Amino acid sequence: MSSPTADVSVRIAWADDAPAIAALQLRTWPEMYADILPPEAFPAGPDSVAAATEAWRSNLAKPPDARNRALVALERNRVVGFAITSPASDPDCDPVVDAELMDLTIESSERGKGHGSRLLQAAVDTMKADRFTRSVLWAVASDDALRAFLIDAGWAPDTAHRELDLDGEGTTLVKQIRLHTQFS
């Protein structure tokens, strides 16, 4: 007799997923970036949820490029993570063959259950299907957990790094490093 398996999956996001993705994003980003951004940097309140939902719905319904993809990790029918892929926009990348994994977010209570691995593999498979041969991802320099996860999955840091000025005044700076992987 076999034991029951979890009802988990990953699929391309639909416009109807916009409220769940927006809520997940607004819930997880303050946790993920608490060490580097002040609390007031994160949108809060019903207006923020509505604005984020509309932004997601618009982007999912009509992406700016046919190769922009959003994927969702599901536990039954509940969105527990999302990933965003697109052509790479860095000046040293070729957007015809280089993709960017722009985001990989998993609900904090769902980490360690395989959702991140499934989502990352689905994102890689999607980028390969879009005929990309390489992908890059910008990670916060202090995010050791994400970096270790990606390195374990075959990604590696390259020599690129940047510092983002989030408020335009030089008071909220985020240091990032770039990781990359080649597709076989």
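Predicted model: local features only at pLDDT ≥ 70, side-chain atom pairs only at ≥ 80, totals over all residues.

Student: Which residues lie nearest the centre of the second largest pocket?
Tutor: This pocket has a volume of about 550 Å³. Its lining draws two or more residues from each of α1, β4, α3 (115-129) and α4 (144-152). Out of 23 lining residues, the ones nearest the centre are M32, R111, D143, A145 and L146.

Student: And how many nonpolar residues does the lining of the largest pocket have?
Tutor: The largest pocket comes in at about 650 Å³. It is lined by 31 residues, and W29, Y33, D103, V140 and Q176 are the closest to its centre. By class, 4 of the lining residues are polar and 4 charged, while the nonpolar ones number 23.

Student: Which elements each supply at least two residues to the lining of the largest pocket?
Tutor: There are helices and strands on that list. The helices are α1 and α2, and the strands are β4 (98-106), β5 (134-140), β6 (156-165) and β7 (173-182).

Student: Let's turn to α2. What does its buried side pack against?
Tutor: Helix α2 covers residues 46-61 and spans 22 Å from first to last C-alpha, close to the 22 Å expected for its 16 residues. Its buried residues are S48, A52, T53, W56 and L60, and they sit on the same side of α2 because they cover an arc of only 130 degrees around the axis. On the other side, P46, D47 and A61 are exposed. The partners of the buried residues are α1 (18-32), β2 (69-75) and β3 (78-87).

Student: Is T85 buried or exposed?
Tutor: T85 lies in strand β3. Leaving out residues up to four places away in sequence, it touches R67, N68, R69, L71, E100, L101, A123, T126 and M127. Buried means under 20% relative accessible area. T85 has 0% relative accessibility, so it counts as buried.

Student: How far apart in space are I12 and A122, C-alpha to C-alpha?
Tutor: I12 belongs to strand β1 (residues 8-12) and is partly exposed, with a relative accessible area of 40%. Beyond its neighbours within four places in sequence, I12 is in contact with D17, R69, A70 and L71. I12 and A122 are 110 residues apart in sequence, yet their C-alpha distance is 9.1 Å.

Student: What is the phi of R76?
Tutor: Most residues other than glycine have a negative phi. R76 is in the loop between β2 and β3 and counts as exposed, at 59% relative accessibility. Although R76 is not a glycine, its phi is positive, at about 55 degrees.

Student: And what is the phi of R131?
Tutor: R131 is found in the loop between α3 and β5. Its relative accessibility is 71%, so R131 counts as exposed. R131 is not a glycine either, and its phi is positive, at about 70 degrees.

Notes: Residues numbered from 1 in each chain as written. Heavy atoms only, no water. Helix = DSSP H or I, 4+ residues; strand = E, 2+ residues; numbered from the N terminus. Expected span 1.5 Å × (residues − 1). Buried < 20%, exposed > 50% of the residue type's maximum accessible area, 1.4 Å probe, protein only. Arc of directions from axis to C-beta. Contact = heavy atoms within 4.5 Å. 1 Å grid on protein atoms, 1.4 Å probe; cavity = no way out; pocket = protein on both sides within 12 Å on 5 of 7 lines; lining within 4 Å. Points joined across faces, edges and corners; volume = space filled by probe spheres on them. Nonpolar A, V, L, I, M, F, W, Y, C, P; charged D, E, K, R; others polar.
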